Amino acid sequence: MFQAADGGGRMTVRRPRAAAPAGRRPSVTRSALVAAALDVVESEGLDALSMRRLAEQLGVQAASLYWHVQSKEQVLDLLADELLTRVLTEALPADLDRVATGEKAWTDALRETAVNYRAFLRCRRDAARIIAGRFVGGVSLARLLEPILGVLRAGGLSSHDAAYAVYTIIVYVQGFVLHESSPLSASNAEGMERSDALRGVKAAIGALPHDEFPYLAESVDALTEANLDERFRFGLDRLIDGLTAYVR
C-alpha cells in the first residue's frame, strides 16, 4: 500500500492486488474454480462473471482464487481450455481417422465437424464469446486441432494451407454463432421475437422505392429469412467448395 497525490493535491491510498497468503494451502481446486465459473456463465451470462462473483459462487474469500488465477482474463483462459476439451469429446466426429483410409471423404468430415461445432457453441451460453479469439496453447487445443489438420492434409492441402484453412473454418463457425446469438435490434433485445423483428425489417425495406433499390427489393425475402441453418450451410459449403477447387 502506498500514498500518492491526486490532481487536487489530496492524498489517496492505493491498495495492491490481493495475493494468495504465503504458506497456506489453497481452499479451492482449479477444477472446482472452472466448474463454478461455468455455472455462473450458464446461469447469469459472461458479463456477470467477476473474481468477486466467482469467489461468492465458491463460498470463499477472493484471495483464495489467487492460488490459481490473477485476473478474470486468466479465468477465461481456463474456461476456453475446458470448453475445447468438451468440444473434443462432445462435438468432434469420432471417425475422422477414416478419412486417411479413404473410407470417408475429407469434405464430408470437415462439414460434419463444423456443423457439430456450431451446435456445441449454440447450446452453451456465451461459449462462443469465451472461445472466440483466444489461442491458449495446451493439450486440449492440440488434441482438437490434430485430427482436423489431418483431415485437411488428407484432402491435399500443405501444412501451411491446412493451418490457414482450419483457422478460416473455426472463425466462420464462431463468428456465425456470435452473429446469430446477438439481438437484431433494440426491440429484439427488449423482448420482441426474432421472427417479428425480421418482419419489421422486411416491411421497412419493402417500403423503399424499388426503382432506387431494385436488387435489394429482389433479395429482401432471402435477407430476412428466419432460418439461419440454411444460411450457415450455404456459407460453409462455399468455403469447402473453395478449398476443393484450390487443391485441384
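The largest pocket holds about 530 Å³ of space. A pocket here is an open set of points on a 1 Å grid over the protein atoms alone, where a 1.4 Å probe fits, with protein on both sides within 12 Å along at least five of seven lines; lining residues have an atom within 4 Å of a point. A volume is the space filled by probe spheres set on the points, which are joined across faces, edges and corners. The model is predicted: local features need pLDDT of at least 70, side-chain atom pairs count only at pLDDT 80 or more, and totals for chains, interfaces and linings use all residues. Residues are numbered from 1 along each chain as its sequence is written, and side-chain values use heavy atoms, with hydrogens and water left out.

**Largest pocket**

- The lining of the largest pocket has 26 residues, and Leu145, Val166, Tyr167, Ile170 and Gln174 lie nearest the centre.
- Helix 3, helix 4, helix 6 and helix 7 (159-180) each give two or more residues to this lining; helices are DSSP runs (H or I, at least four residues), numbered from the N terminus.
- Helix 7 supplies the largest share of the lining, nine residues.
- By class, the lining comprises 21 nonpolar, four polar and one charged residue; Ala, Val, Leu, Ile, Met, Phe, Trp, Tyr, Cys and Pro count as nonpolar, Asp, Glu, Lys and Arg as charged, and the others, Gly among them, as polar.

- Among the residues that line the second largest pocket are Arg122, Arg124, Asp126, Arg129, Val177 and Glu180.
- Its lining has five nonpolar, one polar and six charged residues.
- Asp126 sits in the loop between helix 4 (106-122) and helix 5 (127-131), and its phi is near 60°, a positive value in a residue other than glycine.

**Helix packing**

- The axes of helix 3 (residues 72-90) and helix 6 (residues 139-154) come within 8 Å and cross at roughly 35°; axes are lines fitted to C-alpha atoms, for helices over the stretch in contact, and angles run from 0 to 180 degrees between N-to-C directions.
- Helix 3 and helix 6 form a left-handed crossing, a term for the near helix being turned anticlockwise from the far one by less than a right angle, whereas clockwise is right-handed.
- In this packing, Asp81, Leu84, Thr85, Val87 and Leu88 of helix 3 meet Ser140, Leu141, Arg143 and Leu144 of helix 6, where contact means heavy atoms within 4.5 Å.
- Helix 6 and helix 7 pack at about 120° with axes 9 Å apart, in a right-handed crossing.
- The contact between helix 6 and helix 7 includes Leu145 and Ile148 of helix 6 as well as Val166 and Ile170 of helix 7; by class it has nine nonpolar, one polar and one charged residue.
- Helix 4 and helix 11 (residues 228-247) have axes that come within 11 Å and cross at roughly 145°, and this crossing is right-handed.
- The contact of helix 4 with helix 11 divides into ten nonpolar, two polar and five charged residues.

**Aromatic pairs**

- There are three aromatic pairs, counted where ring centres of Phe, Tyr and Trp (its six-membered ring) lie within 6.5 Å; planes under 30 degrees apart are stacked, over 60 edge-to-face and the rest tilted.
- Tyr172 and Phe176 form a tilted pair, 6.0 Å centre to centre with 55° between the planes.
- Tyr172 and Phe176 are separated by about one helical turn because they are four residues apart in helix 7.
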